[in-house]
Amino acid sequence: MPYVNIKVTKEGGPEGTGPSSDEKAKLIAGVSNLLEQVLGKDPSTTFVVIDEVAMEDWGIGGLPVLDFRSQSS
């Protein structure tokens, strides 16, 4: 019974958007299919949870993600 947790940033501030419902459905199907193909896991017993994390709650390399991105561009 696999459990997969996908975390993505919620872009655009407090009222920002993350992935659309269609994109989330594709992620869920894709991860479930991958686990079936690679590990032989039954998709009907695979749990996929998608968490959208506020930009101010995400950090990379010791920096808030927005600061990190501004250094990378």
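Student: Which residues make the nonpolar surface patch?
Tutor: Met-1, Tyr-3 and Phe-47 make a nonpolar patch of about 420 Å². Patches take residues with over 30% relative accessible area and no salt bridge, joining nonpolar side chains (Val, Leu, Ile, Met, Phe, Trp, Tyr) within 5 Å and like charges within 9 Å. This is a predicted model, where local features need pLDDT of at least 70, side-chain atom pairs count only at pLDDT 80 or more, and totals for chains, interfaces and linings use all residues. Residues are numbered from 1 along each chain as its sequence is written, and side-chain values use heavy atoms, leaving out hydrogens and water.

Student: Is Tyr-3 buried or exposed?
Tutor: Exposed, because its relative accessibility is 56% (buried is under 20%, exposed over 50%, partly exposed in between, with a 1.4 Å probe and protein chains only).

Student: OK, salt bridges. How many are there?
Tutor: Three, each a side-chain nitrogen of Lys or Arg within 4 Å of a carboxyl oxygen of Asp or Glu.

Student: What does Asp-51 pair with?
Tutor: Lys-7, at 3.1 Å, N to O. That pair joins strand S2, which holds Asp-51, to strand S1, which holds Lys-7, 44 residues apart. Strands (E, at least two residues) and helices (H or I, at least four) are DSSP runs numbered from the N terminus.

Student: And Lys-24?
Tutor: Lys-24 bridges to Glu-52 at 2.6 Å, N to O, linking helix H1 to strand S2 across 28 residues.

Terms used
Accessible areas come from the Shrake-Rupley method with a 1.4 Å probe; for residues, only the protein chains shown count as cover.
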